[in-house]
Amino acid sequence: MSKGKVVLAYSGGLDTSCILVWLKEQGYDVITYLANIGQDEDFEAARKKAESLGAKKVFIEDLRTEFVEDFIWPAVQANAVYEDRYLLGTAVARPCIARRQVEIARREGAQYVSHGATGKGNDQIRFELTCYALYPEVKIIAPWRIPEFYNRFRGRTDLMEYAREHGIPVPVTPRAPWSMDANLMHISYESGILENPKSRAPADLYLMTKNPEDSPNVQDVLEIEFKKGVPVKVTNMNDGISKNTALDVFSYLNEIGGKHGVGRIDIVENRFIGMKSRGIYETPGGTVLLKAHLDIETFTMDKEVRRIKQGLGIKFSELVYNGFWYSPECDFVRHCIAKSQENVEGKVQLSVLKGQVYILGRESPKSLYNEELVSMDVQGDYDPCDASGFIRINAVRLAFALKP
């Protein structure tokens, strides 16, 4: 007798294929769900594999456009960077994936969801907090936290043996000696030989970006147009190519950024679960957009509003990294950030070359820049004498604060 339906977040790889068969062994009816968020994947092969392994239903969902519009764009508006360096490509993707998993579970009457995230990482938290927020009564099966499972499968060798025993196709190509996660926003690399933080990444690790040394010697000059803090159009000033849909804009910025080796970082970060980990990331389009958005935002946003918004951006980044996209506090922060972006409108011109993004200029109908006021050659309405009192007032505190 079936224990019930479970929707498994499925990749088609060794781990989740073994989990599919293991869940069947435990008596569950397994529905597999694979999200297309821009990774290089043979989705039809994954479908056939899941069906051959006994999945009751197979869902392959193209989430690329909603990933960009509903998740990447709010991160761009926030200038979201975790611990000053990480652009959150994996963290932003998880609530997108889990949201559709929950929708499928509700629609199919499944009371369980399952995933292949490990018991040490951030992803288990991100997936499950989203599921509980959107489907509070759901029950979660996390095999890598179940002693019966992780004591049985202590490594890849055990999984391979289990796969052979159960007719699960085993990868014929050697596995890279590191773990990789890819989506439209980035590729991340960790674990394996990368666990030694002193070891340099092999030259053949990077898949999304060229080595800046090998990238073109001729710059690409781009113009990115923003409305409400969101890019609505990108034009290559070299050849006139233009893109104006969310998915096309972001994909094209990935292409140009990757071509010039933009967006590589190698960092040690603090996981929410309490340990440090070494991660290598490629985020070409996201890096170009961060530079461009910062520029147009400063050009169009009031100084004090931006000071508050900077703090909100840091808070947003921490919430997203820790898995709280669907929380009252993150909802509030997103609304505040969106409000701050109402006048962030205009065009930024930039060049991309040899791993770098160079801002060239900007224009906006909402600009707060007053050329006459700031000019060294025109006095305008500004009276320099006023600065004397301004300075003396600010110096009052210093005279007392620094007394010996």
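With which residue does Asp70 form a salt bridge, and how far apart are the closest N and O atoms? In this predicted model, the partner of Asp70 is Arg99, and the closest N and O atoms are 3.0 Å apart. Asp70 sits in helix α3 and Arg99 in helix α4, so the pair ties together parts that are 29 residues apart in sequence. Side chains of opposite charge can pair when their charged atoms come close. The structure holds 25 salt bridges.

Domain 1 covers residues 5-175, and domain 2 covers residues 180-363.

A distance of 25 Å separates the C-alpha centres of domain 1 and domain 2. In contact are 45 residues of domain 1 and 50 residues of domain 2. Between them, domain 1 and domain 2 bury an area of about 4,000 Å². Carbon and sulfur atoms give 68% of that area. On the side of domain 1, Trp73, Gln77 and Tyr82 lose the most area to domain 2. Together, these three residues account for 17% of what that side buries.

Polar and charged pairs also cross the interface. One salt bridge is found between domain 1 and domain 2. Elsewhere in the list of charged pairs, the side chains of Asp181 and Arg94 meet in a salt bridge, at 3.1 Å from N to O. Polar contacts across the interface of domain 1 and domain 2 number 18 residue pairs, with both residues at pLDDT 80 or more.

By class, the side of domain 1 that touches domain 2 has 24 nonpolar residues, 12 polar residues and nine charged residues.

Notes:
Residues are numbered from 1 along each chain as its sequence is written. This is a predicted model: local features need pLDDT of at least 70, side-chain atom pairs count only at pLDDT 80 or more; totals for chains, interfaces and linings use all residues. Side-chain values use heavy atoms; hydrogens and water are left out. Domain bounds come from an automatic or database domain assignment. Contact means heavy atoms within 4.5 Å. Buried area is the accessible area (1.4 Å probe) that two parts lose on being put together, summed over both. A salt bridge is a side-chain nitrogen of Lys or Arg within 4 Å of a carboxyl oxygen of Asp or Glu. A polar contact is a pair of N or O atoms within 3.5 Å; within protein, one must be able to donate a hydrogen and the other to accept it, and residues adjacent in sequence count only if both atoms are side-chain atoms. Ala, Val, Leu, Ile, Met, Phe, Trp, Tyr, Cys and Pro count as nonpolar, Asp, Glu, Lys and Arg as charged, and the others, Gly among them, as polar. Helices (H or I, at least four residues) and strands (E, at least two) are DSSP runs, numbered from the N terminus.
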